[in-house]
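Please view the sequence and the model alongside the text.

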Amino acid sequence: MPRELSVRCASLGTVQREPIGEGSGAAVLVDGPAPRSARGLELLGRVLAGSGVDPDVPVLELGADGELPPGFAEDDDPGLDPDLADPVAPEMPLRHAVRLPPRAGRPVDWPGWAPPAVVRSLRAAGVERPWSHQAEGAEHAHAGRDVVVATGTASGKSLVYQLPVLARLDADPRATALYLSPTKALAADQLRSLRALDLPGVRPAPVDGDTSMEERDWARHHSRWIFSNPDMLHRSVLPWHARWATFLRRLEYVVVDECHTYRGVFGSHVALLLRRLLRVARRYGAAPTVVLASATVARPAEFASALTGREVVAVTEDGSPSAGRTVALWEPPLLPELTGENGAPVRRPASTESSRMLADLVLEGARSLAFVRSRRGAETTALSAQRLVAEIDPDLVPRISAYRGGYLPEERRALEAALMRGELLGVATTNALELGVDIAGLDAVVVAGFPGTRASFWQQAGRAGRASDEALVVLVARDDPMDTYLVHHPRALIGAPVEACVLDPSNPYVLAPQLVCAAAELPLTAEDVESTFGGAAAEEVLAELVEDGVLRRRPAGWFWPSTREKPAGSVDIRGSGLGQVALVEAGTGRMLGTADGASAPGTAHPGAVYLHRGESYVVDELDLDAGVALVHAEDPNWRTDARSTSDVEIVAVRERSDHGPVSVFFGDVRVTGQVVAYQRRTPDGTVLDTVPLDMPAQTLETRSVWYTIADDVLAAAGIEPSHVPGALHAAEHAAIGLLPLFAICDRWDIGGLSTALHQDTGLPTVFVHDGHPGGAGLAERGHAVLERWLRATRQAIRDCGCRTGCPSCVQSPKCGNGNAPLDKAGAVRVLDIVIGALRA
């Protein structure tokens, strides 16, 4: 007998339940007017066939009356209620597919103030008329109002700032503008687009780490629109602002592109950096308008105001057309012949599934991107896809490549040019291409592992979709609680609102170095402190800087004591504070690439396997003080994963609430962590051995949320004393895995500790803390949504099909204890206790 499945998906209309063939296990939603291109469904069929699954998957059509299927209540927290997961056959990797509807564009007339020459150039470039959101945002900017446009990928946000900036440069031959982007690739792409307009007198120029000194000098003296990034502004422009006085005096616009990437510690640095820029501009008599562009985020005006320190108007109604996409949620199958750590079941790796999909799509002639989580993953995914394609069509192998950060500038430029020309058909990339080169209009995007936020997922998905042909987007779940939860609960991804960005410019670990840089640029006055840098919080930090002898206090304000040294060079705005580590081939002295100093102990430790452009290297030596890791070429048949340990000390309690046997806290903690070993694993994940390491301990002052539970309540719940450590440990791991559902972060941005007896509380305690100095607002967010967060955590553990715990629920890839002890059933009981106490 056929069985019935229903799929819950918010904001997509009515789902009509249709009989599904026995054992198919998949539910595919279709929405939108027909007929239209079915390219996305065709490519999904190719991917299914490549997995040995019948590609003729029955389709559930969405109706037109706007009702959701019976049995699924609407709520304000989509995807987080119990029993929303749909029944699927265990052997069926396609859990859900949703065909998103096309959207018609809303063109409007050019504004009357737009210069005819500019309009002619834009029309020649293919922009016959602006979309409604482009005209609305440009109107605000032209009127001198700070504005943020937060619309989808490939919606033409660049026209929002191009039009008013070019109009101003046309009206005033002395005016200048500054464009800032989070990546050099994005700035280079925008610069190419502007140059293609061939407008006289604009003289756009790049100023970034790849620009020679001669080119920088020319830009400073002659360019009217400079394309740069926050790092260059921080290290080279503001410390030497006197050299840039002519440019800054005439500055009319500051463009902040892809501003949603400026969150957490990095975003807090950039927020203060923008305040420094606007302060220096005021010193030269300029009052530039700020135009920000963002992916779709929650409360964009509020976020942009926090980023700039000024009131910002938001434009959020997207007037651009969209051809629609088929979004597939994919869970790799279990590999019954393999067992993981402590006997846990093992799924086929997301990278393996993604490389196979990339190969299938390339063979189909589909221009495709595979987004992976790591630099190493980008390399291995591209290599695997090349090997698979070589078995069928060797001529296509050169049309597959990896693209990631850490490549040398000339390598990046060559790959970007090949992408633009269409010479590359399949590319495995890190999020370096989530922004960067304008490559919207691809046939397919494979996302190997949830990228941490819904905003990032839709940004990556937006790289696919042509004007007339719909595209395919596949989210392939990793062995991770968050990924597993999402592919089983489509409303938590597709029907849920995007997250709000979190930043905290008052973080003293960010504020102190930024105030030092500002004082070195221009002495800080009391007015600066009050109106620009946050008032009381800044005064407190300044007092400590004066006491430490870093700054000097005079009646006129705060001064940097040296006229020769520039403190900006020693301040890392990317947040690690440890700069970059160069990967150098020991035998030749050739520099292969770079790694972040904070992550180097875990990724470039002695014995680590490092991949670069398809070649394998093994690290011989890591010198953090010198910023160098020496490597040699080797092709081992294993990969390496670092293991670390940590200890948490409570420094201060900021908030406390008692709920009977459970107490909840938020406050400051001191975390001492150390990489203690690494594991060698085969490509399928089997652990070969564990090698001890002697790496220096690192201390982190940050913020945490934690809860304690009375011993007698644990005993009453049936958790024996010997099982308490495993139950707490499993609950901690799963909670870390699910926090990104509520805060814009990655599980690697978060740490944790659980213990049956903590020295500061005297009780069983579970900590989840930020992984950044001073905190990045993540633990605070967790504290604010603790009950919802722990309910989702409990559901993820309970719904996982494993018996005693696996990477999809309670195992962690970075556990310093080798994922032992873990008690899956005990974790559910622990969370029942806490959730019940919070509800009481």
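Two strands are said to pair if DSSP finds at least two bridges between them. Helices (H or I, at least four residues) and strands (E, at least two) are DSSP runs, numbered from the N terminus.

## Basis of the description

This is a predicted model, in which local features need pLDDT of at least 70 and side-chain atom pairs count only at pLDDT 80 or more, while totals for chains, interfaces and linings use all residues. Residues are numbered from 1 along each chain as its sequence is written, and side-chain values use heavy atoms, with hydrogens and water left out.

## Strands E24 and E28

Strand E24 (residues 580–585) and strand E28 (residues 628–633) run parallel and are joined by four bridges; within this pairing, Ala-582 has Val-628 of E28 as its bridge partner. Because five of the six residues of E24 are buried, the strand is largely enclosed by the rest of the structure, where buried means under 20% relative accessible area, exposed over 50% and partly exposed in between (1.4 Å probe, protein chains only).

## Strand E14 and its two partners

Strand E14 (residues 325–330) is mostly covered, with six of its six residues buried. Arg-325, Val-327 and Leu-329 point one way from the strand, whereas Thr-326, Ala-328 and Trp-330 point the other way, and all are buried.

Strand E6 (residues 94–100) runs antiparallel to E14 and is joined to it by six bridges, with His-96 having Leu-329 of E14 as its bridge partner. Strand E21 (residues 471–476) runs parallel to E14, again through six bridges, and here Val-327 stands opposite Val-473.

## Packing of helices H9 and H10

Two packed helices are described by the angle between their axes and the distance between the axes. Axes are lines fitted to C-alpha atoms, for helices over the stretch in contact, and angles run from 0 to 180 degrees between N-to-C directions. Helix H9 (residues 264–283) and helix H10 (residues 300–308) pack at an angle of about 60 degrees, with their axes 7 Å apart. That makes H9 oblique to H10, since angles under 35 degrees count as roughly parallel, over 145 as roughly antiparallel, 65 to 115 as roughly perpendicular and the rest as oblique.

From H9, Gly-267, Val-270, Ala-271, Leu-274, Arg-275 and Leu-278 meet Ser-305, Ala-306, Leu-307 and Thr-308 of H10, contact meaning heavy atoms within 4.5 Å.

## Surroundings of Leu-159

Leu-159 lies in helix H4 (residues 158–171) and is buried, with a relative accessible area of 4%. Leaving aside residues up to four places away in sequence, Leu-159 touches Trp-110, Leu-122, Val-127, Pro-130, Gln-134 and Pro-164.
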